[in-house]
Amino acid sequence: MREMALKLLQWKFYGQERAPLSSHIPGPACNFRRRRPQVVAFAVKRNPKRLKYATPRFTKEDGLLYVQVDPSGSDSWKLEPVVDILRKGAVGVIPTDTVYAIACNLKSHSAIERLRRIKNIADSKPLSILCHSFRDIDTYTLGFPCGDGQGHTNIFRAVKQCLPGPYTFILTASKELPRQCSRYGTRAAKYASRKNVGVRMPDDAICQAILEKLEAPLISTSVKWPKENEWMIDPVVIADIYGPEGLDFVVDGGVRVADPSTVVDMTGGYPKVVRQGKGPKLHWMVSEEDVDGADHEKDVAIDAI
């Protein structure tokens with residue numbers, strides 16, 4: 001009896017850390033152990049298994065922050081750590097109303113250079129900007145053409161009907177746009193005076209929440225397979241492939257459909273669809289088949305999402 005009383009006192013003193021020897025034997029006796037709490041965002045390394053990322057609490061270790069957010073944006077409070085590191089120059093992946101995008105703060109020159117390196121984009125190729133409002137578009141571009149009362153359509157009024165939406169509009173950049181975002185002509189015109197940029201206002205709750213909290217546009221580029229011209233639509237796979245390349249975060253808004261935006265060039269005499277995507281061709285737009293190619297020989301390629 002005395003020995004049993006001593007053992008009970010010993011177990012009571014140490015608690016579960018000094019559990020009886022039988023509790024360390026695999027089987028039902030081990031079931032009293034506490035399970036570790038799950039997390040919604042955490043650091044990840046190369047591991048394609050979705051279960052590893054399907055978990056909740058914000059931790060950031062080893063460079064990659066992975067945050068799961070409901071596509072409706074109902075839990076957008078989870079995006080606070082993402083917005084915080086974006087302000088500090090982070091580069092990461094976010095969802096849009098079309099495909100996933102690698103994005104960074106437009107005001108961070110070093111982040112833009114890192115984005116180009118991660119995606120392996122040449123300096124001569126222009127990037128797109130993600131905007132929260134028309135005020136951002138007016139700041140970083142010369143805006144949309146307005147009607148003049150002589151039969152020309154008021155494009156600005158027409159565009160307001162389809163934004164936010166799955167369109168990328170190529171506009172002339174203003175002096176406010178960082179040099180790293182716009183192209184400076186082709187080989188034949190190395191120092192062209194006109195600089196173009198693709199502008200997007202995605203109709204996506206997660207993307208809009210990030211832009212609103214950041215209070216600044218994002219530079220973006222589409223997420224494609226490194227050696228294939230195909231979009232990557234699963235954020236888990238994106239984290240696995242691009243995480244080791246230097247990403248700081250991935251926002252998981254669910255698997256998307258490989259349907260990019262419709263690209264419309266607004267720098268010519270009329271709105272020309274140069275890539276048909278998710279957004280339908282509207283009555284005030286023209287397609288490449290409708291016009292003489294000589295009028296638009298200039299390269300308007302934009303790495304649009």
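**N105.** I located N105 in strand β4, residues 101–105 (strands are DSSP runs of E, at least two residues; helices are runs of H or I, at least four; both are numbered from the N terminus). The model is a predicted one, in which local features need pLDDT of at least 70 and side-chain atom pairs pLDDT 80 or more, while totals for chains, interfaces and linings use all residues. Residues are numbered from 1 along each chain as its sequence is written, and side-chain values use heavy atoms, with hydrogens and water left out.

I noted that N105 counts as buried because its relative accessibility is 7% (buried is under 20% relative accessible area, exposed over 50%, partly exposed in between; 1.4 Å probe, protein chains only). I found the N105 side chain reaching the backbone nitrogen of K107 at 3.0 Å. Not counting residues up to four places away in sequence, N105 touches, among others, L86, R87, I112 and L214 (contact means heavy atoms within 4.5 Å).

**Aromatic pairs.** I recorded four aromatic pairs in the structure (rings of Phe, Tyr and Trp, the last by its six-membered ring, with centres within 6.5 Å; planes under 30 degrees apart are stacked, over 60 edge-to-face, the rest tilted). I listed F134 as buried at 19% relative accessibility and F156 as partly exposed at 27%.

I then checked F169 and W284, a stacked pair with 6.4 Å centre to centre and 20 degrees between the planes. Both F169 and W284 are buried.

Key. A polar contact is a pair of N or O atoms within 3.5 Å; within protein, one must be able to donate a hydrogen and the other to accept it, and residues adjacent in sequence count only if both atoms are side-chain atoms.
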